[in-house]
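Subject: Handover of a structure and findings

Dear colleague,

Please find the structure below, handed over for your own work. The findings follow it.

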Amino acid sequence: MAPSFDWWAKGSHKGTPVVVKMENPNWSMVELEGPSEDDFLMGNTPTGQREKARGKNAKQLTWVLLLKAHRAAGCLTSIASTLVNLGSAIRRRVASGRTDADNDQDTETDNTSSKENKTVKTRFYNCIKVFLWLSLLLLGFEFAAYFKGWHFGAPKLQLQYIFTAPFGVRDLFDSLYSRWVLIRVEYLAPPLQFLANVCIILFLIQSMDRLVLCLGCFWIRFKKIKPIPKQDAVADLESGEDGFLPMVLVQIPMCNEKEVYQQSIAAVCNLDWPKSKILIQVLDDSDDPTTQLLIKEEVQKWQQEGAHIVYRHRVIRDGYKAGNLKSAMSCSYVKDYEFVAIFDADFQPTPEFLKRTVPHFKDNEDLGLVQARWSFVNKDENLLTRLQNINLSFHFEVEQQVNGVFINFFGFNGTAGVWRIKALEDAGGWLERTTVEDMDIAVRAHLQGWKFIFLNDVECQCELPESYEAYRKQQHRWHSGPMQLFRLCLPDIIRAKISVWKKFNMIFLFFLLRKLILPFYSFTLFCIILPMTMFVPEAELPAWVVCYIPATMSFLNILPAPKSFPFIVPYLLFENTMSVTKFNAMISGLFQLGSAYEWVVTKKSGRSSEGDLVSLVEKEPKHQRGGSETNLDEMKADIQQEQKARKKKHNRIYTKELALAFLLLTASARSLLSAQGIHFYFLLFQGISFLLVGLDLIGEQVQ
């Protein structure tokens, strides 16, 4: 009796026919059929049919293998072509690169007031070079010792001596290396371990602060807490009846920003507020005559359309933005206004911006500032803008919102905010003593008892820097200024008549922990101590410090921008890379070094209006005065010439980042001798990150 396979045939799934199309013209269309029921009933078929079925299955398997081989070859070819294209792109960008010395010459040409002491600037770079050359020397020494039999296991030191060299050479080398080991154990490891432990403690404190902020943000979301204005104020605005419609002054400070002036002026002129109760000041500090004419013509156009707008230009341009705002507030007509809204040149408020911010001031006499959130028109432009969006999303959603809800204090962001003019006057007005005039005025107003509100649901569009050079300059100013301010404000904070908790929050949390300790330990721990522990293995950094806690903190940072989760690893590496710039800026500001007072206007691309200046002149000549047609033709030619010049771009080579890249890569090679897996991968990828940034391969090229 032949065995029955009916149960198998009934329960089996027939294979789906597969059509294989080979790109090579020598191959033809072949259909691979799935196994039939007869293929499984081997016991009921003659021997010839079974052999035929086997041959059929073998042919199908051959075609499947050929298909997989073809796909693998295509994948390898695409990877190879991608690598070749990447290598050629890197070679072109490096060939057109310019070093930091060239950058300094450009900076002095573009902004003569931002000259930096070259001796001070190169001191930090020289220290990094010393570490680099020392690490290279030690790496060669350690490799020689490794191949002579000195093997080290992590984390404890294990000496396994193997006699392979001649007697005389062996004794000399062993004597030197054994002395080096004793020096490490007795003199180098203890202070290095102490410094590492101090940085770990600071790291844990800062991580706890970050965790508490995130918990506060979760609580705000869970309880749906948000500032709510008086209902009657909102009702008055919506109905158009006479009610809370105070006089509002709107200021747009700008300096040589021809790419974005149109969009900001247009957005502010379209604010939904009674024209009799609003005045717009365009505060132009441009030193370029063409830019001045363009902005003046734009203001005149809106004046003809009925907007209440004036143009101001300073002859003596002292004090940067703070000096510009201070000069504008000295106008005699300012006394007629109760509130002032400030927008930088690249900001575009929505028409209902004032309707959603000003009502919060009604019946709230202690309120001095209402700050809105930023949103970004170019957040998906490149990797650099995506990483900036992660940082700023956390800053607004978590830091600003939590501090605003629980302690009514945070740093003014310098734009997209509405101030009560009386609060500015009580704080002493705008001062030019630091490069962070916005934080300065906020601290002094808080010491006078004024409260702040942050509106997370009110957004104002702006631009992110698209080149690493622009972002680096911006971050230097943002991290050197707070240290200048801390030195100046510390006595005032101690003497202020505010609660002890508010003094503790301002001194320890606001300034020391988030402005000083964060860049200090980020650079010291991950860029200096970690590489040194590879060459002094007796001092250890646990894996949870190198990997697990940083990954957790990066995960928390990226929560406000969930679409950016694929960039969590680049974000972690890039933040450590930026610690060099932030640490250098922090030291400069704390000790009043040469670059502490450097102010460079962040370059804008004007993506929402770029290329529209000429078309606007051609499309709307009726708004311009008849006597200005010649000027407009000249400006049109200048703009076209500038657009042609913009096509010429180049890279900038950053020597500090490159030196640190080779230092970290050298340390990663040393970590292989100790078989420290996590440390090796972290150092390797962090070194590659520094290398990409040092070669200016992140973000747009500099024009």
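What percentage of the 703 residues in the protein is buried? Buried residues make up 50% of them, where buried means under 20% relative accessible area, exposed over 50%, and partly exposed in between, with a 1.4 Å probe and protein chains only.

The model is predicted, so local features need pLDDT of at least 70 and side-chain atom pairs count only at pLDDT 80 or more, while totals for chains, interfaces and linings use all residues. Residues are numbered from 1 along each chain as its sequence is written, and side-chain values use heavy atoms, with hydrogens and water left out.

Overall architecture

The protein has 22 helices and 11 strands; these are DSSP runs numbered from the N terminus, helices being H or I with at least four residues and strands being E with at least two. Among contacts (heavy atoms within 4.5 Å) between residues at least 6 apart in sequence, 81% join residues at least 24 apart.

Annotated segments

The unreviewed UniProt entry carries the annotation "transmembrane region" for residues 124–147, 194–220, 507–535, 653–672 and 678–698. UniProt positions are given in the numbering used here, feature names are shortened, and such annotations may be inferred rather than shown by experiment. In the model, residues 124–147 are 100% helix and 0% strand, with the end C-alpha atoms 35 Å apart. For residues 678–698 the values are 81% helix and 0% strand, with 25 Å between the end C-alpha atoms.

Strand 7 and its partners

Strand 7 (residues 339–342) is covered on both faces: F339 and A341 are buried on one side, and V340 and I342 on the other. Two strands pair if DSSP finds at least two bridges between them. Strand 4 (residues 248–254) runs parallel to strand 7 and is joined to strand 7 by 4 bridges, with V248 opposite F339. Strand 9 (residues 417–420) pairs with strand 7 in the antiparallel sense, also over 4 bridges; there, G417 is the bridge partner of I342.

Q371 lies in strand 8. Q371 counts as buried because its relative accessibility is 0%. Beyond its neighbours within four places in sequence, the contacts of Q371 include F410, F412, G417 and I453. N456 is 85 residues from Q371 in sequence, yet their C-alpha atoms are 8.6 Å apart.

In helix 14 (residues 437–447), 11 of 11 residues are buried, among them E437, D438, D440 and R444. The buried residues of helix 14 pack against helix 10 (320–329), strand 9, helix 13 (421–426), strand 10 (451–462), helix 15 (468–495) and helix 16 (500–535). G449, which follows helix 14, has a positive phi near 95°.

The second largest pocket

A pocket is found on a 1 Å grid over the protein atoms alone, as an open set of points where a 1.4 Å probe fits, with protein on both sides within 12 Å along at least five of seven lines; lining residues have an atom within 4 Å of a point. The second largest pocket holds about 330 Å³ of space, the volume being that filled by probe spheres set on the points, which are joined across faces, edges and corners. Its lining has 19 residues, with K379, N389, S393, P560 and A561 nearest the centre. Helix 12 (383–406) and strand 8 (367–376) each supply at least two lining residues, and helix 12 gives the largest share, 6 residues. The lining of this pocket divides into 8 nonpolar, 4 polar and 7 charged residues; Ala, Val, Leu, Ile, Met, Phe, Trp, Tyr, Cys and Pro count as nonpolar, Asp, Glu, Lys and Arg as charged, and the others, Gly among them, as polar.

Yours sincerely
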